[in-house]
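The following questions and answers concern the pockets and the chain contact of the structure shown here.

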Amino acid sequence: MLSVTKRSSWTDTLLSIFLFVLIIILYQYFAHQRHLLNPHDKLVPTFAQMLDAFTRSTFEPDRNGVYRLLDDTLASGQRVLISMVFVFGGVLMGAYMGLFPVMDKLFYKFFLFFDKIPALAILPILFIFFGLGEVSKVALIVIGVVPTIILDTYLRAKAFPQEQVIKAITMSASKSQIIFKIILPKIFPMALDSIRLNFKAIVLFLISGEALAATAGLGYRIFVVRRYMAMDIIISYVIWIGLLSYLIDAGICLWIKKQYRWYNK
Amino acid sequence: MNNFKRISQFFILLLLTGFIAACSSPSGQESNASSSTSGKSKKFKVAWSIYSGWQPWDYANQSKILEKWAKKYGIEIELIKMDYIPSVEAYVAGQVDACVMTNMEALDMPAASGVTSTALILGDYSNGNDALLTRDNLQVKDLVGKEVNLVELSVSHYILSRALEKNGLKESDVTIVNTSDSDIAPAFISNNSQKAVITWNPLIMEIKKQPDVKQVFASSSIPGEIMDLMIVKTNVLKDNPELGNALTGAWYEVMAIMKKEDKATEEALAIMAESAGCSLQEYKDQLKTTAMFYSPKSALNYTTSKAVIQSMDYVRKFCFSHGLLGENATSFDQIGIQYPNGEIQGDKNNIQLYFDSSFMEKAANAQL
């Protein structure tokens, strides 16, 4: 039985931070132990070392005169932003496919097939086709995520009450009016939700692409500093990526909440 | 409410047990080090990765030569094949006791992380296995403003640095594109827009098959600077010299087979080629650019020569200027390196890398 009694807020807070605190304590303990044995240990940096690495990469220019964290974040951000254009294009595509039988017949099987192909498996082919520049990195994200988004929106559009579409047609609405005025406003918050939940995949593909060939980027840095075992930098970058993803997630949630008040959970 | 209380109690209990478990765990990672004494004989783990100069280790394992030598000294040796960088990481993390690596990684990975290491065997040096290849007849001097594909902070990066230095250029004159070694060859071959690449064999052989590609600089221009070593944890070797004996004995037995140039040699090379994933002819070609020290005497002579000290000086300066000794390192002297004659390079209070010739000497004097 779930208790309906209102719990005091401090116990709630305590519970929700409990596991974080536990992990931090255990981690710090092991890091300390390792450093007692080997003061030069780089594999399990203490929190002080991580903080130092983070400030170094954020506020001090490196030996090339670059503020690393900023530079990497901008490079990765640009890649994500460009792929986002395709992701939103995918939403539109899904809506068209759901509404028009010709589009449905032409594209559905095609995207269903592509959705089943693990993008990472065709990475070597992408690099041969698109070279080692930006195109292949964006292509990896697009091929990895967009089919899922298209299929998701397609199913939403398919499930859209036909009565409303028919009603709009009888009132002589054009095709694009049906898409943009009737269907999209209703399914867009759902599409945003699925973009939000797929963001992890976007980051995953971004990092994989950057690990293979790049001159800057969050994933690039993690794989380069690995050559000298700078775990302090790696972990601080991982936390930074997690934080950014969390903020983007929260941002999309806020967008849905503000713009689509009727769409509630 | 009752449930909530019970849940909270459970969590607090969990926290306490976790904490106690953490505190009572034997202080130190040494207890999970891989050398275990379970059973009668001590067991050691040795990691290796594919490279022309390291294939003999795999042959030693497959032909049971390694097992024979391990038995002779009453130990067990498990040889584990890994990718290169993960193998060095596993070594630094303490999951294996020994690992093959170049002098550069030996310095900037274990030694810089405080994992005191000993170079047990100097197997070979790269004599053309690492090279700078270009299109359009570009020379090193023509690379100004161009992109160069390579694995950043690897030996390839070192080669670039030395090539530029010898041509009066700086690293900032070119743009380095960090490229994974898994894709560097096919990507370069298929994209004519890429003009320069630095990588290692067997990829170099593959890329050179292209008609428009030329080699403009190679490790053979800086012979001896990139050495391929068998690195063992210093404390493990100190406590268990039999590990050093067994590894060295097995290595020079294989070297003798490779040098004989008879049927046994062909068979051995065929096995090495197969595990490297290339043909026998290709492997033989790779060996031409690998300066192997087939006899313990030649390895001993080179290890005790001044050339090693000079090479390490180049390498440590490169490592320091690229932040590989740790971004907080203040000098290339921060890490001490000790040579067989007792000479110490760098901080003598922080010796993290030893060049030990004693085992090769035993092999040379047939004392194994």
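Q: Which elements of chain A and of chain B each supply at least two residues of the lining of the largest pocket?
A: In this predicted model, both chains contribute elements to the lining of the largest pocket. From chain A these are α8 (175-212) and α9 (218-225). From chain B they are α4 (84-92), α6 (155-166) and β7 (175-179).

Q: Which element gives the largest share of the lining of the largest pocket?
A: The lining of the largest pocket comprises 39 residues. Four residues form the largest share from one element, and that element is α8(A).

Q: Which residues lie nearest the centre of the largest pocket, and about how much space lies in it?
A: Nearest the centre are Arg227(A), Tyr84(B), Ile85(B), Asp181(B) and Trp200(B). By class, the lining divides into 19 nonpolar, eleven polar and nine charged residues. The space in this largest pocket is about 1100 Å³.

Q: About how much space lies in the second largest pocket, and which residues are closest to its centre?
A: The second largest pocket holds about 770 Å³ of space. It is lined by 32 residues. The closest to its centre are Asp62(A), Arg63(A), Asn64(A), Arg221(A) and Glu152(B).

Q: Which element supplies the largest share of the lining of the second largest pocket?
A: Elements giving two or more residues to this lining include α2 (47-59) and α3 (68-99) of chain A, together with β7 and α14 (306-321) of chain B. By class, the lining has twelve nonpolar, ten polar and ten charged residues. The largest share, four residues, belongs to α9(A).

Q: How many salt bridges does the rule find across the interface of chain B and chain A?
A: The contact involves 55 residues of chain B and 41 residues of chain A, and about 4200 Å² is buried between the chains, 60% of it on carbon and sulfur atoms. One salt bridge joins Arg227(A) to Glu105(B), with the closest N and O atoms 2.9 Å apart. Across the interface, the number of salt bridges found is four.

Q: How many residue pairs are in polar contact between chain B and chain A, and which element gives the most to the side of chain B that touches chain A?
A: With both residues at pLDDT 80 or more, the count is 13 residue pairs in polar contact. The chain B elements that each supply at least two residues to this side include α4, α5 (103-108), β7 and α7 (184-190). With eight residues, the element that gives the most is α1(B).

Note on methods
Residues are numbered from 1 along each chain as its sequence is written. Chains are lettered from A and ligands numbered from 1 in the order in which they are written. This is a predicted model: local features need pLDDT of at least 70, side-chain atom pairs count only at pLDDT 80 or more; totals for chains, interfaces and linings use all residues. Side-chain values use heavy atoms; hydrogens and water are left out. On a 1 Å grid over the protein atoms alone, a cavity is a set of points where a 1.4 Å probe fits but cannot get out, and a pocket is an open set with protein on both sides within 12 Å along at least five of seven lines; lining residues have an atom within 4 Å of a point. Grid points are joined across faces, edges and corners, and a volume is the space filled by probe spheres set on the points. Ala, Val, Leu, Ile, Met, Phe, Trp, Tyr, Cys and Pro count as nonpolar, Asp, Glu, Lys and Arg as charged, and the others, Gly among them, as polar. Contact means heavy atoms within 4.5 Å. Buried area is the accessible area (1.4 Å probe) that two parts lose on being put together, summed over both. A salt bridge is a side-chain nitrogen of Lys or Arg within 4 Å of a carboxyl oxygen of Asp or Glu. A polar contact is a pair of N or O atoms within 3.5 Å; within protein, one must be able to donate a hydrogen and the other to accept it, and residues adjacent in sequence count only if both atoms are side-chain atoms.
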